[in-house]
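Dear colleague,

Please find below the structure for your review.

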Amino acid sequence: MAGPHPAYAAGRRRLRALLASCGYRPGTRLTVAVSGGSDSLALARIALFVARRDGYVLRAVTVNHGIRPEAGREAAQVAARLRSWGYDDAAAVSVDLGGGSSPEGQARAARYAALAEAAGAGSPVLLGHTADDQAETVLLGLGRGSGARSLAGMPEAGPLPGHPELTALRPLLGLRRAALRAALQNEGLAWVEDPSNEPDGPWRAAGGGPLTRAALRARALPALSEVLGPGTVEALARTARLLRRDNEALDTWAARELATWEERGAVQETGEPGGGVVVPHALLRELPAAVRTRILRALALRAGARAGELTAGHIEALDALVTGPGGVRHCDLPGARALRRDNIVVFAR
């Protein structure tokens, strides 16, 4: 008897490894995000196998963004299909995107909010991102001039975006979409092709052009692969993985350095009504830039800066405040302010 398709086998191994490394024991409920596309359907098959063999409890959630009139019916059909496979708990939920200038961002935020509500405390959320998605993320970061944190892409295990109290697991990040589709076809399973994901689809960016990820997927990645060779997606995903290791090492260095300063009493509270901290200028200036900027970001957040609005430009301005000429200088941040005077740097609201 033939064994499982190699993509299924690899996905099962990786899911089991992630569950074990994160401490999720049998009996834990796993919330599986299933859109009906090929990646999420393959994830649903992989999760079902692992749950049955290892004793996990499954909940599947299909989110209807309401972009197309038929989307609600399709979501209900996906949930019914999952129940026919053996999912005891499979639901279709609808979200309201509202207005705004970034339809992709609104849909993503609404989707993660629905998944977080369905998961509840203690339940990891399984997402079907693949190596292809990782490559798109790296290209997006390159196009925006991002640093290592963004170029490192999506982690296999990390906070659910917008809901840091929950963990997102991405067991398919090392697999290509084509391999997962081959596994589905091997079982005779079809998937939903959402026209909203196409560059010429009905869902448009605020300026009327194609959605950024859709254009990357349909145009930029194929063009790069044609020029650079068929291993381009894997190479971009590998770049993300290597940068993530480097970024984690630098984060650890910065955290240890800051903790040492605090133990020595070098970091002081300002005592001002809104809170804040004071740090000796010399300690910051003597560090390598990659470590210093991480500490500056941590101090700004501690003083009340809003993480979602703190950009690379703000961090560069903070670094210029520390490394530039002396005198009284300041830097305004979203939700906070940094001031350099005498031999100290003050972070406050």
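**Helix packing**

Helix 1 (residues 6-21) and helix 2 (residues 38-54) cross at roughly 60 degrees, and their axes come within 9 Å. Helices (H or I, at least four residues) are DSSP runs, numbered from the N terminus; axes are lines fitted to C-alpha atoms over the stretch in contact, and angles run from 0 to 180 degrees between N-to-C directions.

This is a predicted model, in which local features need pLDDT of at least 70 and side-chain atom pairs count only at pLDDT 80 or more, while totals for chains, interfaces and linings use all residues. Residues are numbered from 1 along each chain as its sequence is written, and side-chain values use heavy atoms, with hydrogens and water left out.

Helix 1 and helix 2 are therefore oblique to each other (angles under 35 degrees count as roughly parallel, over 145 as roughly antiparallel, 65 to 115 as roughly perpendicular and the rest as oblique). In their contact (heavy atoms within 4.5 Å), Ala7, Tyr8, Gly11, Arg12, Leu15, Arg16 and Leu19 of helix 1 meet Ala42, Arg45, Ile46, Ala47, Phe49, Val50, Arg53 and Asp54 of helix 2. The residues of this contact comprise nine nonpolar, one polar and five charged (Ala, Val, Leu, Ile, Met, Phe, Trp, Tyr, Cys and Pro count as nonpolar, Asp, Glu, Lys and Arg as charged, and the others, Gly among them, as polar).

Helix 2 also packs with helix 3 (residues 71-85), at an angle of about 30 degrees and with the axes 11 Å apart. That makes helix 2 roughly parallel to helix 3. Here Leu41, Ala44, Arg45, Leu48 and Arg52 of helix 2 meet Arg81, Leu82 and Trp85 of helix 3.

Kind regards

Definitions and conventions. Helix = DSSP H or I, 4+ residues; strand = E, 2+ residues; numbered from the N terminus.
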